[in-house]
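Hello,

Here is the structure we spoke about handing over.

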Amino acid sequence: MSAELLSSLASVLPADRIASDPESLLVYGYDGASGVTGRPDVVVSVQEEAEIVATLRVAESLRVPVFPRGAATGLAGGSVPSCGIVLNLAPMCRIIEIDTANLMATVEPGVINADLQAAVEAVGLFYPPDPASLKQSTIGGNVATGAGGPRCLKYGTTREYVRGIRAVLPGGQVVEDGGKYLKCATGYNLSQLFVGSEGTLGAISRITLRLLPRPPAVGSVVALFASLDSAAAMVERLLADGILPCVMEFMDRLCIECVEKAYHLGLAPEAEALVLIEADGTPEAVESECRRIAQICEEGGAFNVRRASDAGTRADLWRARRAVSPSLSRLRPARLGEDISLPRASIVSIVAEIRRIAAKHNLLIPVFGHIGDGNLHPNILYDPRDPEETRRVHIAAEELIRAAVAAGGTLSGEHGIGIAKRDLLPLALPELNQSLCKQIKQVFDPHNLMNPGKIFP
């Protein structure tokens, strides 16, 4: 790292915003992606937009790359630096406003998803996007990756709730787009360009989000099936019946076995699939829907169906789904978590293909995810200390992704591309599409300084 970079940053920022000691550089060299690491030259932890502006001006003048970062819970290496400046946005964590009249919230990028949910629910409102990492992940990171979660079937992903963006572009210009209105037919929607851009266009400094009235009641149903085909057919029948649950989660047999061995929740070992379904709305509507959901599950071949409407019993039903990740770690020390998005009709065939790939490479690949919207998370379990097993893991991951694309799916539903999937991007994005995306980046970032090396091969 050049002395010029450090002195230039020190001339425009308070000293406590800048870190270049080896311990800090090490901590900021990874995210939640397995096996993806890097090392920045310096970390700048900003507390206000003016400090982002100052940092990006220095970076532009010295042609130094900048890697925006929130809580680093991402699973695709999207915030991992290769050099240059890590722009730590986590300290910008103010909920600026909860506008109850317009059902909008304005937040800084470092606000934790669960903190925003708690704040809006305290005034009777609801922010639906709920990634699995909601207790750690930031809203800025959710926007940058287009994060989703279990409630996407009914409520959609983060993209559907972004109404306005304020961002700092390379060189320090500030762009603002959108606002507290729900409808807009005025020019290009620049705000939506930033959703899923993974920090490659600029650094988000403020976000305006749409809120909803909080549903007064929630109910859950858990059903165990002897075959995945029966579970998938039940999902289709449920939707055809006119019921739109807010959650439809799925676990395969290996997940069920792992959870049961670790936590002894009374899950039947002969079950091939567990489906967790949740309905929300008025108490009367929830009671009626849960009763009908349970009936459809039983008629569709479920051999064990449990219902819950109170918070305590619902939490018990959710324990199995929430226990998947920690229970898998008991089998192998590491896992490569994939994120494929498919047409729902392809789920049964793709799970069968995943099992074939697992057997071919002698690997354990449990599958869970959001069966209602076709977003599955195969997790390839392995020991990173075993080079031969690690080699097989990466071969299996590519075969799995190729199978998903061949089945009409795509590389990612909610984790993004980052480093982990960039070389496979051409499988899902035609050359013309890639070219147009790169031209858009060139307009925003002509010197390729914002999170370089991400998304595109």
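**Two loop residues with positive phi**

Asn362 lies in the loop that runs between helix H13 (347-360) and strand E18 (367-370). Please keep in mind that this is a predicted model. Asn362 is not a glycine, yet its phi is positive, at about 55°. Its relative accessible area is 60%, so Asn362 is exposed.

Glu198 also has a positive phi of about 55°, and it is not a glycine either. Look for Glu198 in the loop between H7 and strand E10 (203-210). Is Glu198 buried or exposed? Its relative accessibility is 8%, and the cut-off for buried is under 20%. Glu198 therefore counts as buried.

**Helix packing: H13 with H14**

H13 passes H14 in a right-handed crossing.

Which residues make this contact? From H13 come Ile350, Glu353, Ile354, Ile357 and Lys360. From H14 come Ala396, Glu399, Leu400, Ala403 and Ala404. By class, the contact of H13 with H14 has 7 nonpolar residues, 3 charged and no polar ones.

**Helix packing: H8 with H10**

Helix H8 (residues 228-240) packs against helix H10 (residues 283-299). Here the angle is about 140°, with the axes 9 Å apart. H8 and H10 are therefore oblique to each other. The crossing of H8 past H10 is right-handed.

H8 contributes Met234, Arg237 and Leu238. These meet Arg292, Ile293, Ile296, Cys297 and Glu299 in H10. The residues of this contact divide into 5 nonpolar and 3 charged, with no polar residue.

**Aromatic pairs**

How many aromatic pairs does the structure hold? There are 3. Two are described here.

Phe126 and Tyr155 have ring centres 5.2 Å apart. Their planes stand at 80°, so the pair is edge-to-face. Phe126 sits in strand E7 (residues 125-126) and Tyr155 in helix H6 (residues 152-155). The two are 29 residues apart, and the pair links distant parts of the chain. Phe126 and Tyr155 are both buried.

Phe194 and Phe444 form another edge-to-face pair. The distance is 5.7 Å centre to centre, with 85° between the planes. Phe194 lies in helix H7 (residues 190-194) and Phe444 in helix H16 (residues 431-444), so this pair ties together parts that are 250 residues apart in sequence. Phe194 is buried, and Phe444 is buried too.

**Around Leu25**

Leu25 is found in helix H2 (residues 22-27). Its relative accessible area is 7%, so Leu25 is buried. What does Leu25 touch, leaving aside its neighbours within four places in sequence? The contacts are Ala19, Ser20, Arg39, Pro40, Asp41, Val42 and Val43. Cys83 is 58 residues away from Leu25 along the chain, and their C-alpha atoms are separated by 10.0 Å.

Best wishes

Note on methods: Residues numbered from 1 in each chain as written. Predicted model: local features only at pLDDT ≥ 70, side-chain atom pairs only at ≥ 80, totals over all residues. Heavy atoms only, no water. Axes fitted to C-alpha atoms, helices over the stretch in contact; angles between N-to-C directions. Helix = DSSP H or I, 4+ residues; strand = E, 2+ residues; numbered from the N terminus. Parallel < 35°, antiparallel > 145°, perpendicular 65-115°, else oblique. Left-handed = near helix turned anticlockwise from the far one by under 90°. Contact = heavy atoms within 4.5 Å. Nonpolar A, V, L, I, M, F, W, Y, C, P; charged D, E, K, R; others polar. Phe/Tyr/Trp six-rings, centres within 6.5 Å; stacked < 30°, edge-to-face > 60°. Buried < 20%, exposed > 50% of the residue type's maximum accessible area, 1.4 Å probe, protein only.
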